[in-house]
Structures are given as C-alpha cells and as structure tokens.
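Subject: Handing over a structure, with notes

Dear colleague,

I am passing on to you the structure below, together with some notes on what was found in it. Please keep it open beside the text as you read.

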Amino acid sequence: MAPDRCSTSLSSYNHVTTEDIERLLKRCPNKQCALDPVPTWLVKAAGSTMATILAKLVNALLDSAVFPSSTKHAIVTPIVKKPGMDLSSLSSYRPISNFPFVSELLERVVAHQLTTYLNTNHLMSTHQSAYRRHHSTETTLLCICNDALLAADCGMVTLVILLDLSAGFDTVQHTTLLDIFQTKVGIIGTALNWHKTYLFERLERQNLMS
C-alpha cells in the first residue's frame with residue numbers, strides 16, 4: 001500500500017511523438033461519437049499525417065494542463081442489461097457514455113504515463129487486481145484462497161466480507177481523489193491541474209437515436 005506521504009513526485013506529463021500516436025491509433029477501436037467531426041476509421045486511415053496533428057494537439061493540452069470542455073461532453077446511450085427485463089424500469093438499463101475520439105486518445109496517453117509512474121515507484125497497492133495489467137478477478141480469488149489456506153494451516157478461522165457497491169465510481173469524491181493524488185501518490189504541478197480540469201464540469205446528454 002502507498003505510504004502516508006509520497007517521497008517521489010510527478011509534476012508534468014511527457015510529450016508524445018508522432019510514432020506514439022500512430023501506435024495508439026492502431027490499437028483504438030473504430031467506434032466513434034456523434035460529436036466527432038470525422039469518422040474514426042478516416043482518422044486512422046490518414047496515418048502519419050493525422051498522427052502528426054494529433055501529437056501537437058495532445059502535447060499542447062498536456063502543457064496547458066487543460067482537458068477541453070468540448071471533450072468532456074458525453075453522448076449517453078441506455079442499453080438493456082439483459083433480454084426480457086422490464087423496459088419501463090430505469091434500473092433495467094445500463095448507461096453507456098460515448099466521448100469524442102480526441103478525449104479517449106488523450107485519456108490513453110495520460111493513463112499510460114500515470115500507470116508507468118505508479119508501477120515504477122511501487123505506488124500501486126499489492127492487493128489491487130482491478131484495472132491493472134496481468135491482474136483480474138482470478139488473481140483476487142487466488143490471493144484470498146491462498147490466505148485462507150495459510151490461515152487454516154495455522155489453525156485460524158477465516159472470515160470473508162464482500163461489499164458490492166452499485167455504481168461504485170459514483171461514490172468517489174473528486175476532491176478526496178485529488179488529495180490522495182497529491183499527498184499519497186505525488187501528483188503535483190501541471191499534472192495535478194490537468195486531472196482537476198479532467199474531473200470537473202463534465203456534461204452528458206442522451207442519444208436521441210437510441
């Protein structure tokens with residue numbers, strides 16, 4: 001687990017190259033948002049020409065510590081969770097938020113650099129399995145089973161408490177998250193300001209075609 005006060009820091013995110021953007025474009029799915037000016041497949045087909053433009057745009061946004069308002073506008077499509085559910089009940093739907101392509105590209109750039117920083121400085125909790133490479137619910141179960149077996153060998157009783165939060169991400173207070181970023185993870189300066197603009201003043205509207 002991360003220490004109470006982080007001894008290292010990340011004050012800004014590094015610039016990306018055209019080659020970096022080209023690699024990201026190859027891994028991006030061809031899905032698109034109604035707010036995108038051009039289809040995603042066309043952006044990817046433009047190759048290095050579009051990658052050069054996007055690299056300059058991403059670097060400018062990283063330097064200015066701004067996540068533009070236009071990229072924080074989501075188109076929400078309600079999807080039925082399971083066939084046969086009551087279509088008149090709001091709880092039967094799962095809202096799928098679709099953001100502009102540039103928004104998701106910028107997120108991928110920052111997520112990669114942030115994850116690298118956390119892993120390099122061993123700031124990720126050893127017990128975290130979600131949203132982490134080479135980890136999953138399977139690694140969580142293996143850890144719990146191993147701890148239970150070790151406890152049984154020592155003649156101890158194991159008690160497991162499971163907490164399932166509905167829409168768990170919605171319970172996270174952004175101010176608390178930013179405080180943890182600064183004090184326990186060492187995100188400061190331009191990097192911290194970028195995350196502030198990313199979290200606040202987000203907008204959404206329903207996809208009228210759904």
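Leaving aside its neighbours within four places in sequence, with which residues is Val-58 in contact? Val-58 touches Val-16, Ile-21, Leu-105, Leu-106 and Val-109, where contact means heavy atoms within 4.5 Å.

Before going further, a word on the basis of these notes. This is a predicted model, in which local features need pLDDT of at least 70 and side-chain atom pairs count only at pLDDT 80 or more, while totals for chains, interfaces and linings use all residues. Residues are numbered from 1 along each chain as its sequence is written, and side-chain values use heavy atoms, with hydrogens and water left out.

The chain as a whole

The chain has seven helices and three strands, and from the N terminus on these elements run α-α-α-β-β-α-α-α-α-β. Helices (H or I, at least four residues) and strands (E, at least two) are DSSP runs, numbered from the N terminus. Along its principal axes the C-alpha trace spans about 65 × 50 × 30 Å. Of the 210 residues in the chain, 28% are buried; here buried means under 20% relative accessible area, exposed means over 50%, and partly exposed lies in between, with a 1.4 Å probe and protein chains only. Among contacts between residues at least 6 apart in sequence, 70% join residues at least 24 apart. The chain exposes about 14,300 Å², of which carbon and sulfur atoms supply 59%, and these areas come from the Shrake-Rupley method with a 1.4 Å probe, only the protein chains shown counting as cover for residues.

In helix α1, which covers residues 18-27, the buried residues are Thr-18, Ile-21, Leu-24 and Leu-25. They cover an arc of only 120 degrees around the axis, which puts them on the same side of α1; the arc is that of the directions from the helix axis to the C-beta atoms. An α-helix has 3.6 residues a turn, so residues three or four places apart point the same way. The face of α1 turned away from this buried side carries the exposed residues Lys-26 and Arg-27. What covers the buried residues of α1 includes α2 (40-45), α3 (48-64) and α4 (101-120).

Just after α6, Gly-186 takes a positive phi of about 85 degrees.

Ser-92 is buried, with a relative accessible area of 4%, whereas Ser-89 is partly exposed, with 23%. Leaving aside its neighbours within four places in sequence, Ser-92 is in contact with Ile-79, Val-80, Lys-81, Met-85 and Asp-86. Ser-89 and Pro-100 are eleven residues apart in sequence and 29 Å apart in space, C-alpha to C-alpha.

Finally, Pro-78 lies in strand β1 and is partly exposed, with a relative accessible area of 31%. Pro-78 and Leu-150 are 72 residues apart in sequence and, C-alpha to C-alpha, 45 Å apart in space.
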